[in-house]
Every structure is written in C-alpha cells, then in structure tokens.
Amino acid sequence: MRILVLNGPNLGRLGTREPDVYGSATLADIAPLVASAGTADAPIEPVVRQTDDEAELVGWLHEAVDARTPVILNPAAFTHYSYALRDACAQLQGVAPLVEVHISNPHARESFRHTSVVSAVATGVIAGFGLDGYRLAALAIASRA
Ligand code: DQA
C-alpha cells in the first residue's frame with residue numbers, strides 16, 4: 001500500500017531543530033519507520049515529502065484525494081490556524097484515511113498549540129510518541145485496509 005507522508009513547515013530541519021523537543025532523528029528516518037509497519041504480504045510504500053509552503057501542501061492533499069491514497073500528515077504550525085489545509089483534509093473524508101501526527105504532544109506545550117483545525121476532519125490523531133508516531137499511524141492505516 002502506498003502512503004503519502006506529508007510534513008509541514010520547519011520539519012525539514014528535524015535533527016537540528018529544537019532537539020530537546022523533537023529529538024535528533026531526521027526526516028530521512030521516517031520512510032524506513034513507516035515501511036516497518038508493513039508485512040511481506042502487505043508491504044507499505046511510504047512517499048515522504050516536506051514543504052514550508054501551504055499551497056504546495058494543499059496541492060499534495062488534492063493529489064491524495066484524486067488517487068484515493070491514505071495520508072499521514074504532520075501539519076506542523078499549520079495545524080493551529082490553516083483553514084485552507086483543513087478544507088483540503090476534509091476532502092479525504094470517506095475517500096481515504098488521514099492520520100494527523102505530531103512528534104511532540106502539543107497539549108503539553110504552549111496554549112496556542114492546543115487547538116488543531118485539522119483534527120476534526122482527520123480519521124485519528126497520534127501525538128507525543130516522537131518519530132514512532134509515524135509508524136503507529138501506518139499501523140492504524142494498515143489495520144483499516
Ligand atoms: C508539531 C507540533 C506543532 O505545534 C509545531 O508547530 C511543529 C511540530 C509536532 O510534530 O510536534 O512544527 O507538529
């Protein structure tokens with residue numbers, strides 16, 4: 001199964017960005033983690049992308065809708081205020097699963113991170129488990145397939 005693994009702004013800097021919050025692993029570590037949720041009978045093919053650009057991220061979600069491709073999405077700071085992103089995510093409802101992932105637990109952080117405009121249109125949310133959240137999201141998607 002192909003899974004689009006989409007990452008929003010500043011996540012390209014994983015590894016050097018606030019390592020006390022986000023750890024020392026990098027974006028390159030995500031693909032093997034997601035693939036590890038697959039089995040010989042049901043392999044997972046992760047397509048990992050990152051952008052700092054809201055329009056590009058919205059375009060990738062449209063691509064997922066058109067191809068009916070499951071999505072793991074870490075919307076990063078867009079989580080908290082991008083209605084454009086939310087509206088793009090809403091188009092996946094009833095089409096393909098969308099799992100919202102956060103490396104940190106936003107609810108344990110500043111109050112502006114407690115709001116997600118995406119969660120209500122996501123299939124589910126995984127937060128606070130570090131990079132392993134991406135693997136857990138892939139397991140959740142695979143278990144629904
Ligand atoms: C994040 C949490 C967001 O609040 C923050 O803006 C990010 C990363 C996370 O993965 O923990 O950039 O989505």
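Begin with the largest nonpolar core of this predicted model, which holds 34 residues. Select Val34, Val71, Ile72, Tyr134 and Ala138, the residues that touch the most other members. Then colour the elements that each supply at least two residues of this core: β1 (2-7), α2 (30-35), α3 (54-67), β3 (71-74), α4 (83-90), β4 and α5 (132-144).

Centre the view on Tyr134. Setting aside residues up to four places away in sequence, Tyr134 touches Val5, Ile30, Leu33, Val34, Ile72 and Val101.

**The annotated active site**

Next, select Tyr22 and His102, which an unreviewed UniProt entry lists under "active site". They are spread over 81 residues of sequence, yet they cluster in space, with a largest C-alpha distance of 9.6 Å.

Which of the two is buried, and which is partly exposed? His102 has 21 other C-beta atoms within 10 Å and is therefore buried, the cut-off being 20 or more. Tyr22 has 18 C-beta neighbours inside 10 Å, so Tyr22 counts as partly exposed.

His102 is placed in strand β4 (residues 98-102). Apart from its neighbours within four places in sequence, His102 is in contact with Asn74, Ala127 and Gly133. Tyr22 lies in helix α1 (residues 19-22); beyond residues up to four places away in sequence, Tyr22 touches Leu14, Arg17, Ile103 and Ser104.

Ile103 counts as buried, with 23 C-beta neighbours inside 10 Å, whereas Ser104 is partly exposed, with 17 other C-beta atoms within 10 Å. Leaving out residues up to four places away in sequence, Ile103 touches Tyr22, Gly130, Leu131 and Gly133. With its neighbours within four places left aside, Ser104 is in contact with Val21, Tyr22, Arg109 and Gly128.

Finish at His80, in the loop between β3 and α4. His80 counts as partly exposed, with 16 C-beta neighbours inside 10 Å. Residues up to four places away in sequence aside, His80 touches Phe112, Arg113, Thr115, Ser116 and Val117.

Terms used
Residues are numbered from 1 along each chain as its sequence is written. This is a predicted model: local features need pLDDT of at least 70, side-chain atom pairs count only at pLDDT 80 or more; totals for chains, interfaces and linings use all residues. UniProt positions are given in the numbering used here, feature names are shortened, and annotations may be inferred rather than shown by experiment. Helices (H or I, at least four residues) and strands (E, at least two) are DSSP runs, numbered from the N terminus. A residue is buried if 20 or more other C-beta atoms lie within 10 Å of its own, exposed if 12 or fewer, and partly exposed in between; C-beta atoms are placed from the backbone. Two residues are in contact if their C-beta atoms, placed from the backbone, lie within 7 Å. A nonpolar core is a set of buried Ala, Val, Leu, Ile, Met, Phe, Trp, Tyr and Cys residues joined through C-beta atoms within 7 Å.
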